[in-house]
Structure formats: structure tokens, C-alpha cells
Amino acid sequence: MPGGTAGRGRSGGHRERPGTAGPADPGHPERPERPGTARTHRGLRTLRGLRARRGAQPKVVALGGGHGLSASLTALRRITGDLTAVVTVADDGGSSGRLRDELGVLPPGDLRKALAALCGDDDWGRTWAEVIQHRFKTRGELHDHAVGNLLIVALWEQLGDHVQALDLVGRLLGAHGRVLPMSAVPLELTALVRGHDPERPGELSTVRGQATVALTPGEVQRVRLEPADPPAVPEAVRAVRDADWVVLGPGSWFSSVIPHLLVPELREALTETKARRVLSLNLAPQPGETDGFSPQRHVEVLVQHAPKLAFDVVLADRCAVPDEDSLRAAAAKLDATVELAPVAAADGAPRHDPELLAAAYDRIFRMHGRIGPWR
């Protein structure tokens, strides 16, 4: 991948940015109660109602995989009805890995999780989300297979079309958005890891497979995909190019977030789209994959993998950022500003609160986007 930063961003050179409001609640090292949270939720519901009446729906594309993408989708479906998920297809563990090995199909697990996240909060949505997430517990071959994985693979075999099958599952579930794989071929993730062997801490090793990379000891230096130039799903490329906003992350950084930047057509679309772009950071390092990583280190390794890609906003939880200046310096390499907002669950667990994350996205879309109707 070429180095340097020339040609970054949209045509016409450096982007002018509208002013941003001051930082959110200053927080506390031990996670406090969030002042104004109820007011934030009421304001979000009011804005949602106004947008519904005006028909003002931003076209949003969210990229990632696993629980991180699910968190982002659960938030985003609260503020727009025009939402597309583009999902990584390198998973090789668990039920997905078994189906992939046995049938030669795309791993369906992250696609299933994205569909479940797009289910509504009514009885229909909650029921179907639980059904497709249900895992069989047996002493036989069905053990730990998810119902949704089997349903998706069955439709792939029946229809012979990944996108058509996922759209059909989405209609069955009443999903508030569309789910697309980033590539139509199963991918293998490989990582260059320093210190994978604890007895040789300075040695570089190659680790293969997403499940292995996610739990690897040592420090991941770089990841690659095999095949090296996989074809992107055309509908995913079109969605990115036609979006108003693109959201990358949160999620497993090397195994769910960065792989999108390694698909040439998708990386090109992300670089050239006129959409504004948000990089949503994790609340904590992931044991193994990003153990010991600071927020700014997450940004730095993303720059390393896609040096020409620019962002408008880097979103982080204030309580997860011990050094704001270093994060802002790292974000500047992406041509981005930093937005700090309370987005974590109140119980202190490293997971996003859907309403708080929705409020943060809504604020970013309003502060950095268009004024008035989107279309």
C-alpha cells in the first residue's frame, strides 16, 4: 500500500470543518453517573420524531463485525431508517468456522449478529432476534450452531445469491436496515506478531486465522487478507459511495475493523466517497489482539494500514481517554477532530450504551453534517 498522506480526503483539498461544541461531561476516573443522561435520551427521541416528520433520513453505512458492529447498528437504527451494514467475512471459529469448512460458504456469524442488531424493539423484533441468536445445546453435531447461521446458509444454497438471501432474512426479521458482506469469497486473516512465542519476545511470527489472531499473545504489527486482493461485493461499494455518513468501528481492531481497509475496491470507495466519516473507538483494549493499546495507538495502526484514508471525526468515551492531547495528535493524521462523549454502559462494563451512543452519533451528524433535510 502506498505511503504518505498526499491526496487524502475529498476532491478540492483540505476540508473545512464546521465548529464543534465543547467536550462532553468531564467524567471521573471511576465511572460516574452521567449528568443529563435522561435529558440526552429525551432530546434524542425528540430529534428522531422531528426527522420522521420531515423525512430527513441520513444514508449511513456502518462497517465492522462482531459485537462492536452490533453495538453501532443498535445505536444507528435509532436515528436513521436508511442504514446499511458492511460486514467482515474472515471469521473461522465456532459455528461459522465449522460451516465454512464443511460447506465452503462465507462465515455467517457476524452477518447474523448484524441482522439481530437491526431487529426492532417490538415483540416481533425481539422474538426474531432471540430466535436467530439461539444456539443448540446437544451432544451431537448440532451443538453450538446458531439458528440464524443455519438459516442464512440454507438460503445461500437455495438462492445462490449472498445479497438476495440476506435481504430476504432481513425482511423476515423486519430489520431496520440492510446487511451486506464486504466480499463474496471467504477470507483468511494473517497477522505479523511480535513476541507470539513468549520465550522469544523480539521475534516476528506469522499467525493465521481470525480466531487465532483475536487471542494471540504478543503484539500484532500488521494484518493481511488471503486472497490479497479479494473482490468487494458491488452493493457494498455502491452503498459506501452513495452514503451521507460512513461509520467504521468499534470492534476487534485487527480482526473486524481493519480488514475492511484491505479490500482494494472497498478501500478505494472509502477514500473517494463524498460521505463524511466517523471512526468509533473501543472502550478498552482487547485482551490478546490489542492488549495494552491506548486510544491513540488504535488510530496509529489504522493509519499504518490505510495511509490515504481520512476521517472527519474520531469518537471516543471520555473516561476511556487518559491522554486527550495524544489522541488529538493521532486523529490529526487522519485529518479528523476528536469528539468525546459518554457512550459507555453505566455498569462500568466495556460495552456501549445504545441510547448514549445513538445520542453521540446524532450530535456528530448534526454538528459536522448538513443543516436541514438530508436529501
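**Exercise 1. A loop residue**

In which loop is Asp 144 found?

Solution. Step 1: a word on what you're looking at. This is a predicted model, where local features need pLDDT of at least 70, side-chain atom pairs count only at pLDDT 80 or more, and totals for chains, interfaces and linings use all residues. Residues are numbered from 1 along each chain as its sequence is written, and side-chain values use heavy atoms, with hydrogens and water left out.

Step 1: find the loop. Asp 144 sits between helix H5 (123-133) and H6. Helices (H or I, at least four residues) and strands (E, at least two) are DSSP runs, numbered from the N terminus.

Step 2: check the backbone. Asp 144 isn't a glycine, yet its phi is positive, near 70 degrees.

Step 3: Asp 144 counts as partly exposed, at 25% relative accessibility. The cut-offs: buried means under 20% relative accessible area, exposed over 50%, and partly exposed in between (1.4 Å probe, protein chains only).

Step 4: Asp 335 is buried, with a relative accessible area of 16%.

**Exercise 2. The sheet**

Work out the strand order of the open sheet of seven strands.

Solution. Step 1: the order is E3-E2-E1-E7-E8-E9-E10, with parallel pairing. Two strands pair if DSSP finds at least two bridges between them.

Step 1: look at the edges. Strand E3 (178-181) and strand E10 (337-340) each pair on one side only. From one strand to the next, the twist averages 20 degrees.

Step 2: take one pair. Strand E1 (residues 59-64) and strand E2 (residues 82-87) run parallel over six bridges; Val 61 has Thr 84 in E2 as its bridge partner.

Step 3: Contact here means heavy atoms within 4.5 Å. Axes are lines fitted to C-alpha atoms, for helices over the stretch in contact, and angles run from 0 to 180 degrees between N-to-C directions.

**Exercise 3. Strand E8**

Is strand E8 (residues 276-280) largely enclosed or open?

Solution. Step 1: four of the five residues of E8 are buried, so the strand is largely enclosed by the rest of the structure.

Step 1: check the neighbors. Strand E7 (residues 245-248) runs parallel to E8, joined by four bridges, and Leu 248 partners Leu 279 in E8. E8 also pairs in the parallel sense with strand E9 (residues 313-316), over three bridges, and Val 278 stands opposite Val 313 in E9.

Step 2: follow the chain. From E8 it passes through helix H12 (residues 295-305) to E9, in a right-handed β-α-β crossover. Right-handed means that, with the strands pointing away from the viewer, the path from the first strand over the helix to the second runs clockwise.

**Exercise 4. Helix H13**

Which residues of H13 are buried?

Solution. Step 1: Leu 327, Ala 330 and Ala 331 are buried in H13. They cover an arc of only 100 degrees around the axis, which puts them on the same side of H13. That arc is the one of the directions from the helix axis to the C-beta atoms.

Step 1: here's the background. An α-helix has 3.6 residues a turn, so residues three or four places apart point the same way.

Step 2: find the cover. It includes H12, E9 and E10. Helix H13 (residues 324-332) lies across E9 and E10, at about 140 degrees to E10.

Step 3: E9 and E10 run parallel, joined by four bridges, and the chain crosses from E9 through H13 to E10 in a right-handed β-α-β crossover.

**Exercise 5. Gly 249**

Describe the surroundings of Gly 249.

Solution. Step 1: Gly 249 lies in the loop between E7 and helix H10 (253-257). At 1% relative accessibility, Gly 249 counts as buried.

Step 1: not counting residues up to four places away in sequence, Gly 249 touches Leu 63, Ser 72, Val 257, Ser 280 and Tyr 361.

Step 2: look at the next peptide bond. Gly 249 and Pro 250 are joined by a cis peptide bond, with omega about 0 degrees.
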